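The following paragraphs are intended to be read alongside the coordinates.

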Amino acid sequence: GTVLSNSSYDIQYTVRNEDYSPDTLLSELKEIKNVTNAAYAYELYLTGSVKSSAASQNYLDYQKLYAQQLGTGYQEQELSLEDFYLIFLEDEAFRSYLKEQGLPESVFYNREKPTAVAVDSLNRYNGTDGKYYSFTMFSDVTQADPKLYLLRQFKKYDSGYLEINQDTGKLQCIQWLAGKNEHVTCTLEESALTVPISIGAAVQKAPALFLNKEEAPQLFYPYSFIDDVFSGLEQNTEYWNLPSNPPSQEHTTRLYLTCEDHAGTYGTIRKMLAGKGLPEDSLYDVAASIENDRAMVTVVNVFAFGFITLISLIAAANVFNTISTNINLRRREFAMLKSIGMTPEGFQKMMNFECLLYGFKGLMYGLPVSFLVTWLIYQTISNGLNTDFFIPWYSIPIAVGSVFLVVFVTMLFSMGKIKKDN
């Protein structure tokens, strides 16, 4: 496999809500020729927690492994800190997603208790050992008791983050003092607002345009519920994690599109944006970027296969030269064997067995070395590709057949030359 960036959409555009209505822009984009699917969403990346007792064992094992690799030590606590993607999906697309998953609208459109659909399928890259790990987060989502934490902004602090005190097991906040390379430890209550959230279902598959965000748990809400989820925000308080209070007051929305002709569609959208006075620099042709990556890989593959072909021809020529030279040097030996009574049939059998011996000897050394090289290649590419080690068994018969073919052809050529000379 080849390590490539991938995306579930072709074009992305970011628009500020105060600049243009996302609903109006979406309807106009859907009317463009070749656009096959489109939706918009407001996305937040927030720190939260779940009860460790409701987390899957694979998730806890990964947390332990990662902590040990960082040398920070690990002790399982009552809570597990985790970052969440909150994705407020355009309502029509959200309703289609609920229908696709067989989930009732009434549960997820209750403003008294905003409820999320959790995509519980993580594919996480570990930068310490350079490998990908795939696992689910929840063993029982109904007992997870998930919470989000919004850090309050204070003038005396530049930034802050949450951590679990390994001695007490309680959440605490590390705040960095403004203008100083110093930090202080504060309690959770004085530093952050706790936002309880409700998860109505945990599914394995995200909506069609959001299949590439598996590094963190995804929580999907209807777009119209942005302020309902954060209804408990304190007035006249700013939070590091939110662009505004309330969140719907000032934020950016991302539009995602799939299309049959991404280049042509990209040009059409640029013209449309220019005509409306909207910024064009936030329009991104994701498919073109991926195609450039793949084109580079294609060039590398051409050179790689060309090099492999050249090496194979050189190896075949060396085998041909070695065997034919060896047989030519043994003319007297063959003449002596014939003089003491070896029949042509017996001579042919001897040469056939000798040919088999050449082939088996080459394979006895070559196959183990090839397995070792395959393992070394796997160790290299596993740093960027989530895959299991495997032996390409279909290639082994091809290699074995090629070895015996070269040896037999060389033997036939040499024997024919000897018979001709005689």
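Phe305, Phe307, Ile308, Leu310, Ile311 and Ile314 together make a nonpolar surface patch of about 610 Å². A patch of this kind is built from residues with over 30% relative accessible area and no salt bridge, nonpolar side chains (Val, Leu, Ile, Met, Phe, Trp, Tyr) being joined within 5 Å and like charges within 9 Å. Accessible areas come from the Shrake-Rupley method with a 1.4 Å probe, and for residues only the protein chains shown count as cover. Ile308 counts as partly exposed because its relative accessibility is 47%, where buried means under 20% relative accessible area, exposed over 50%, and partly exposed in between (1.4 Å probe, protein chains only).

The model is predicted: local features need pLDDT of at least 70 and side-chain atom pairs count only at pLDDT 80 or more, whereas totals for chains, interfaces and linings use all residues. Residues are numbered from 1 along each chain as its sequence is written, and side-chain values use heavy atoms, with hydrogens and water left out.

In soluble globular proteins, nonpolar side chains tend to be buried together. Here the largest nonpolar core has 54 residues, and those with the most contacts inside it are Leu25, Leu86, Phe88, Leu150, Leu219 and Phe230. Strand 2 (residues 35–51) supplies the largest share of this core, seven residues. Apart from it lies another core, of 25 residues, including Tyr9, Leu98, Phe220 and Val286. A nonpolar core is a set of buried Ala, Val, Leu, Ile, Met, Phe, Trp, Tyr and Cys residues joined through side-chain atoms within 4.5 Å. Leaving aside neighbours within four places in sequence, the contacts of Leu150 (heavy atoms within 4.5 Å) include Leu46, Leu193, Phe230 and Leu242.

A search of the whole structure finds zero disulfides, a disulfide being a pair of cysteine sulfur atoms within 2.5 Å. For Cys173, the nearest cysteine sulfur is that of Cys186, 6.0 Å away, which is too far for a bond. Cys173 counts as buried at 0% relative accessibility, and Cys186 counts as buried at 8%.

Side chains of opposite charge can pair when their charged atoms come close. The structure holds nine salt bridges, each defined by a side-chain nitrogen of Lys or Arg within 4 Å of a carboxyl oxygen of Asp or Glu. In one of them, the side chains of Glu234 and Arg152 meet at 2.8 Å, N to O. This pair links distant parts of the chain, 82 residues apart: Glu234 lies in the loop between helix 6 (226–229) and strand 14 (252–259), and Arg152 in the loop between strand 7 (147–151) and strand 8 (157–164). Glu234 is partly exposed at 26% relative accessibility, whereas Arg152 is buried at 11%.

Another salt bridge joins Arg330 and Glu354, with the closest N and O atoms 2.4 Å apart. Arg330 lies in the loop between helix 8 and helix 9, and Glu354 in helix 10 (residues 344–381), so the pair ties together parts that are 24 residues apart in sequence. Both Arg330 and Glu354 are buried. Salt bridges that share partners join Arg330, Glu333 and Glu354 into one network. Not counting residues up to four places away in sequence, Arg330 touches Glu354 and Tyr358.

Conventions:
Helix = DSSP H or I, 4+ residues; strand = E, 2+ residues; numbered from the N terminus.
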